[in-house]
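Please find some short notes on this entry below. They cover the fold and then the aromatic contacts.

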Amino acid sequence: MAALHEARVVITGAAGFVGAHLVDAFAREGATVLGLVRRQTDRWRLPEVASAEIATCDLGDERDTSETLARLRPDIVVHAAIERPPKGDGWHDHYARKNAALACNVVSAAHRARASRVVWLTTQYEYPACASPAAEDDTRPPDTFYGAVKHASTLVARQWASDVGLAMTCLRIFSVY
């Protein structure tokens with residue numbers, strides 16, 4: 001794709017299953033790939049891509065996210081990171097707060113860094129379970145807490161991007177594995 005040639009693409013969650021594949025795919029298209037991972041992340045999935053720079057960033061930390069994206073100067077931010085629900089009591093509160101922070105921090109930092117677009121990857125669980133194929137304009141709410149949190153994060157990110165004039169594309173991924 002000519003549009004990606006020499007574009008600076010930041011991929012959050014770069015060491016995850018989807019993120020690692022995106023690092024490789026964007027690099028093959030000629031983009032300058034800048035992967036973001038957590039400090040404690042095992043990077044075994046990341047391909048040996050000479051053009052990929054991997055940086056650490058705590059997306060839950062507003063200052064760290066903002067400073068990192070300002071330094072990397074992305075044209076495009078692909079948000080593939082996820083805050084996984086912790087096990088045990090109290091996970092609902094933790095999971096909801098962490099994902100809300102990720103949504104706010106990524107969109108705000110992308111805007112301040114003057115990125116031209118955010119690609120927001122999310123999940124099929126934003127749709128309720130149904131017997132027929134889901135439609136993009138389905139207005140029924142998610143039927144799981146996980147889906148509700150992901151949907152709320154997408155809504156916040158999409159509205160924030162709209163309010164500040166940042167182009168955003170949301171992709172709900174089905175059955176990745």
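1. Helices (H or I, at least four residues) and strands (E, at least two) are DSSP runs, numbered from the N terminus. The protein chain has 4 helices and 6 strands, in the order β-α-β-β-α-β-α-β-α-β from the N terminus on. The radius of gyration, taken over C-alpha atoms (globule rule: 2.2 Å times the number of residues to the power 0.38), is 16 Å, close to the 16 Å that the rule gives for 177 residues, so the chain is as compact as a globular protein of that length.

2. This is a predicted model: local features need pLDDT of at least 70, side-chain atom pairs count only at pLDDT 80 or more, and totals for chains, interfaces and linings use all residues. Residues are numbered from 1 along each chain as its sequence is written, and side-chain values use heavy atoms, with hydrogens and water left out.

3. The structure holds 5 aromatic pairs (rings of Phe, Tyr and Trp, its six-membered ring, with centres within 6.5 Å; planes under 30 degrees apart are stacked, over 60 edge-to-face, the rest tilted). The rings of Trp 91 and Phe 145 have centres 5.5 Å apart and planes at 90°, so this pair is edge-to-face. Trp 91 belongs to helix 3 (residues 91–112) and Phe 145 to helix 4 (residues 145–164), so the pair ties together parts 54 residues apart in sequence.

4. Tyr 95 and Tyr 146 are stacked, at 5.8 Å centre to centre and 20° between the planes. Tyr 95 is buried at 0% relative accessible area, whereas Tyr 146 is partly exposed at 23% (buried is under 20%, exposed over 50%, partly exposed in between; 1.4 Å probe, protein chains only).

5. Trp 91, Tyr 95, Tyr 125, Phe 145 and Tyr 146 form one aromatic cluster.
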